[in-house]
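Visitor: Could you walk me through the side-chain pairings and the core of this one? I'd like the cut-offs as we go.

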Amino acid sequence: MKNFHQMSSLILRGNNITGTITASIGNMTDLEELDLSYNRLYGEIPSSIGGLWKLKTLNLGANRLTKIPESLYDLSNLETLDIILNRMSSSISPRLGNLTNLKTLQFQGSGFTGEIPDSIRSLQRLETLDLSDNNLCGS
């Protein structure tokens with residue numbers, strides 16, 4: 001990935017890519033769109049993703065990912081976050097409220113548990129919210 005550091009969009013949707021997301025993804029600092037959905041990726045999303053400060057769209061849906069790093073919540077330009085159909089089995093971080101430019105948030109069927117964080121109310125620009133088919137509670 002180091003030869004692609006000036007790329008603004010990386011779309012590898014539906015390619016049956018197997019393995020983990022490499023930490024070197026964080027070197028692609030000009031990325032505005034990253035779509036790795038509908039592959040066979042597993043494990044934790046690398047914390048280096050938090051260095052993609054220009055990112056507006058992140059789609060990691062329909063994989064087998066298990067953890068969102070706290071650094072993801074530093075992506076202040078993010079407008080779309082799609083992590084549907086994964087295997088998170090953890091709670092949604094209260095730092096979700098830091099993503100104040102978010103317009104679309106899709107966590108449907110990803111195994112999230114626990115309380116829906118109050119910080120979700122901070123997402124004033126949110127137009128689409130899908131938290132269905134998880135094990136969440138709260139108001």
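Visitor: How many salt bridges does a search of the whole structure find?

Guide: Bear in mind that this is a predicted model, where local features need pLDDT of at least 70, side-chain atom pairs count only at pLDDT 80 or more, and totals for chains, interfaces and linings use all residues. Residues are numbered from 1 along each chain as its sequence is written, and side-chain values use heavy atoms, with hydrogens and water left out. A salt bridge here is a side-chain nitrogen of Lys or Arg within 4 Å of a carboxyl oxygen of Asp or Glu. Searching the whole structure that way, the number of salt bridges is five.

Visitor: Which residue meets Asp 35 in a salt bridge, side chain to side chain?

Guide: The N to O distance for this pair is 3.8 Å, and the partner of Asp 35 is Arg 13. The link joins distant parts of the chain, 22 residues apart: Asp 35 sits in strand β3 (residues 33-35), with Arg 13 in the loop between β1 (9-11) and β2 (18-19). Strands are DSSP runs of E, at least two residues, numbered from the N terminus.

Visitor: Is Asp 35 buried or exposed?

Guide: Buried means under 20% relative accessible area, exposed over 50%, and partly exposed in between, with a 1.4 Å probe and protein chains only. Asp 35 comes in at 9% relative accessibility, so Asp 35 is buried.

Visitor: Which residues do salt bridges with shared partners join into one network?

Guide: Start with Asp 74 and Arg 95, whose side chains meet in a salt bridge at 2.3 Å, N to O. Asp 74 is in the loop between β6 (64-67) and β7 (80-82) and Arg 95 in the loop between β7 and β8 (104-106), so the bridge ties together parts 21 residues apart in sequence. Through shared partners, the network is Glu 70, Asp 74 and Arg 95.

Visitor: Why is the pair of Phe 107 and Phe 112 classed as it is?

Guide: Rings of Phe, Tyr and Trp (its six-membered ring) pair if their centres lie within 6.5 Å; planes under 30 degrees apart count as stacked, over 60 as edge-to-face, the rest as tilted. That rule gives one aromatic pair. Phe 107 and Phe 112 have ring centres 4.7 Å apart and planes at 25°, so the class is stacked.

Visitor: Which members of the largest nonpolar core touch the most other members?

Guide: A nonpolar core is a set of buried Ala, Val, Leu, Ile, Met, Phe, Trp, Tyr and Cys residues joined through side-chain atoms within 4.5 Å. The largest has 34 residues, and the ones touching the most other members are Leu 34, Leu 81 and Leu 99.

How values were computed. Helix = DSSP H or I, 4+ residues; strand = E, 2+ residues; numbered from the N terminus.
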